[in-house]
Number of protein chains: 2
Amino acid sequence: MNQTIETILNHRSIRKFKDIPLTDEQLDTMLSAAQQASTSSYMMAYSIIGVTDPEKKEKLAEITGQKYVKNNGHLFIYCADLHRPVMMASDEEYEQMLANLENSEHFLVSSVDAALAAQNAAIAAESMDLGICYIGSIRNNLSQVDELLSLPKHVIPLFGMVTGVPDHQPERKPRLPQKGIYFENEYKESTQAVESFDAHIKEYYQSRSSNNRIDSWTDQMLRRFTTPMRMDVTDLVQKKGFNKR
Amino acid sequence: MNQTIETILNHRSIRKFKDIPLTDEQLDTMLSAAQQASTSSYMMAYSIIGVTDPEKKEKLAEITGQKYVKNNGHLFIYCADLHRPVMMASDEEYEQMLANLENSEHFLVSSVDAALAAQNAAIAAESMDLGICYIGSIRNNLSQVDELLSLPKHVIPLFGMVTGVPDHQPERKPRLPQKGIYFENEYKESTQAVESFDAHIKEYYQSRSSNNRIDSWTDQMLRRFTTPMRMDVTDLVQKKGFNKR
């Protein structure tokens with residue numbers, strides 16, 4: 001197994017960091033890695049905001065409810081960004097562009113572009129012995145985050161990522177069995193894969209070193225999905241000109 | 001620079017492969033890498049279909065208009081998948097779940113989950129000297145792809161990925177300057193970054209070894225965005241129960 005695959009398979013989300021900022025070189029390496037990711041039709045339809053201002057970090061820690069959004073080596077907010085071509089367009093061209101800017105296709109393209117870039121940065125960080133955690137909870141209040149970062153129309157925050165020198169070593173979290181997520185030639189329902197995973201995950205939750213509890217994956221998902229959440233994401237997304245048709 | 005960062009920075013999309021299928025070990029490594037990616041709230045909201053049936057590959061090559069979708073070491077279709085929790089739910093629970101299943105938040109979560117997994121698989125492949133190319137053009141006819149793979153409700157195809165032993169070595173494609181995509185604390189419009197990139201990319205297109213032409217990034221983007229495309233993605237996405245509210 002080569003070093004890269006070892007790094008990838010060794011991933012665990014880090015939620016406690018030493019009080020050491022990223023070096024300029026680490027930051028630059030993460031950004032270069034992000035930028036070299038594949039991008040749909042060369043659009044590079046994302047931007048990254050590095051948040052260093054203590055007041056902004058405090059505010060983001062409040063929105064997300066997570067202390068490590070404040071205390072880390074560096075905090076990134078990944079954004080879907082269709083603004084660059086808009087910036088270069090005449091008024092007439094802009095009018096002609098709206099059908100694409102506002103459709104599901106380009107909401108998808110820009111979200112996927114941002115995610116591919118982020119995952120490259122994550123792997124690069126982990127290969128340098130840094131830890132990372134994605135921060136989906138910026139979507140607890142997307143319009144506040146949007147305002148905080150002064151994002152123009154056709155740019156929306158999608159998720160954050162914290163990085164830094166790890167100050168804990170959590171267990172590697174189990175994943176669904178391969179036969180539950182990979183199928184050949186056509187989709188196959190896999191109740192059995194989920195059930196065997198539930199048995200496995202019950203053991204994991206009972207035996208892990210911190211925050212142990214009695215739970216299964218299915219129970220977790222049913223609790224989560226039966227409680228409507230972040231129903232206002234649509235409002236901000238559409239207000240910023242995405243995903244309207 | 002470590003081996004992982006070297007692999008990441010060395011990425012170029014490969015569109016011509018030797019006639020050598022992936023080994024079982026390579027396939028397994030790519031899938032394990034995909035599965036170890038971060039996932040929003042442990043949802044693992046994606047599935048991967050490996051397409052090996054020659055007729056299905058032929059059909060997908062037709063839809064995408066790309067020969068290398070047929071001729072490669074392995075073809076993957078990455079899907080957003082919210083079906084697994086649905087499968088485990090009672091009728092009553094399912095009713096309660098609809099608000100989440102159908103909102104933008106979970107369209108985003110499942111697309112990002114799929115993209116993070118895919119990028120891990122891509123980097124793992126490249127670290128084993130395989131090449132990859134993402135295939136966005138399955139969205140030329142998403143409902144045909146959906147039918148071809150027998151995807152149930154709450155599962156949609158997002159993009160493909162071809163993999164295999166490279167049979168060409170294209171140039172590494174330039175990216176926007178870092179100051180055009182990375183900002184500290186707030187968004188900054190960067191016309192200058194785009195303009196300097198346009199000058200650079202004109203040179204690249206004129207000097208590259210194959211398919212050379214006169215073009216700039218801005219011209220490419222304006223041509224692309226002023227022509228409405230894939231306006232029917234929304235229909236399939238919503239028909240499958242995603243992104244409806």
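This is a predicted model: local features need pLDDT of at least 70, side-chain atom pairs count only at pLDDT 80 or more; totals for chains, interfaces and linings use all residues.
What covers the buried residues of H5(A)?

**Stop 1**

Show chains A and B together. Chain B can be laid on chain A by a turn of 180°, with a shift of 0.0 Å along the axis and an RMSD of 0.0 Å. The two copies are thus related as by a two-fold rotation axis. Now colour the interface. 100% of the interface residues of chain B are also interface residues in chain A, so the copies meet through the same surface.

**Stop 1: the domains of chain A**

Select residues 3-170 of chain A. This is domain 1 in the domain assignment. Then select 174-227, which is domain 2. The C-alpha centres of these two domains of chain A lie 28 Å apart.

**Stop 2: the sheet with E5 of chain A**

Switch to cartoon view. Look for an open sheet of 5 strands, ordered E5(A)-E1(B)-E2(B)-E4(B)-E3(B). Its pairing is mixed. One edge is strand E5 (182-184) of chain A, and the other is strand E3 (131-135) of chain B; each pairs on one side only. On average, neighbouring strands here are turned by 25° against each other, direction ignored.

Zoom in on strand E4 of chain B, residues 155-164. E4(B) runs antiparallel to E3(B), and 5 bridges join them. Select B:Gly131: its bridge partner in E4(B) is B:Gly164. E2(B) is also antiparallel to E4(B), joined by 8 bridges. Here B:Phe76 stands opposite B:Met161. Next, colour E4(B) by accessibility. 10 of the 10 residues are buried, so E4(B) is largely enclosed by the rest of the structure.

Helix H6 of chain B (residues 104-127) lies across E1, E2, E3 and E4 of chain B. H6(B) runs at about 10° to E4(B).

**Stop 3: the sheet with E5 of chain B**

Move to the open sheet ordered E3(A)-E4(A)-E2(A)-E1(A)-E5(B), also of 5 strands and with mixed pairing. The edge strands are E3 (131-135) of chain A and E5 (182-184) of chain B. The twist averages 25° from one strand to the next. Select strands E1 (residues 46-51) and E2 (residues 74-81) of chain A. They pair in the antiparallel sense over 6 bridges. A:Ser47 stands opposite A:Cys79 in E2(A). Helix H2 of chain A (residues 24-36) lies across E1, E2 and E4 of chain A together with E5 of chain B. H2(A) runs at about 20° to E2(A).

**Stop 4: the cores**

Which residues have the most contacts inside the largest nonpolar core? Select A:Phe76, A:Tyr78, B:Phe76 and B:Tyr78; the core itself has 141 residues. Centre on B:Phe76. Among the residues it touches are B:Leu22, B:Leu27, B:Met30, B:Ile48, B:Phe159 and, from the other chain, A:Tyr182. Then find a second, separate core of 23 residues, including A:Ala61, A:Tyr68, A:Ile138 and A:Leu148.

**Stop 5: B:Arg84**

Select B:Arg84 in helix H4 (residues 83-87) of chain B. Is this arginine buried or exposed? B:Arg84 is buried, with a relative accessible area of 1%. Show what surrounds it. From chain A, its contacts include A:Leu176, A:Gly180, A:Ile181, A:Val194 and A:Trp217. From chain B, they include B:Met44, B:Tyr46 and B:Ser47.

**Stop 7**

Finish on helix H5 of chain A, residues 91-101. A:Met97, A:Leu98, A:Ala99, A:Asn100 and A:Leu101 are buried. Now display their cover. It includes helix H4 (83-87) and helix H6 (104-127) of chain A, together with helix H10 (217-225) of chain B.

How values were computed: Residues are numbered from 1 along each chain as its sequence is written. Chains are lettered from A and ligands numbered from 1 in the order in which they are written. Side-chain values use heavy atoms; hydrogens and water are left out. A nonpolar core is a set of buried Ala, Val, Leu, Ile, Met, Phe, Trp, Tyr and Cys residues joined through side-chain atoms within 4.5 Å. Buried means under 20% relative accessible area, exposed over 50%, partly exposed in between (1.4 Å probe, protein chains only). Contact means heavy atoms within 4.5 Å. Domain bounds come from an automatic or database domain assignment. Copies are superposed by least squares on the C-alpha atoms of residues with pLDDT of at least 70 in both. Two strands pair if DSSP finds at least two bridges between them. Helices (H or I, at least four residues) and strands (E, at least two) are DSSP runs, numbered from the N terminus. Axes are lines fitted to C-alpha atoms, for helices over the stretch in contact, and angles run from 0 to 180 degrees between N-to-C directions. Lists of a residue's contacts leave out its neighbours within four places in sequence.
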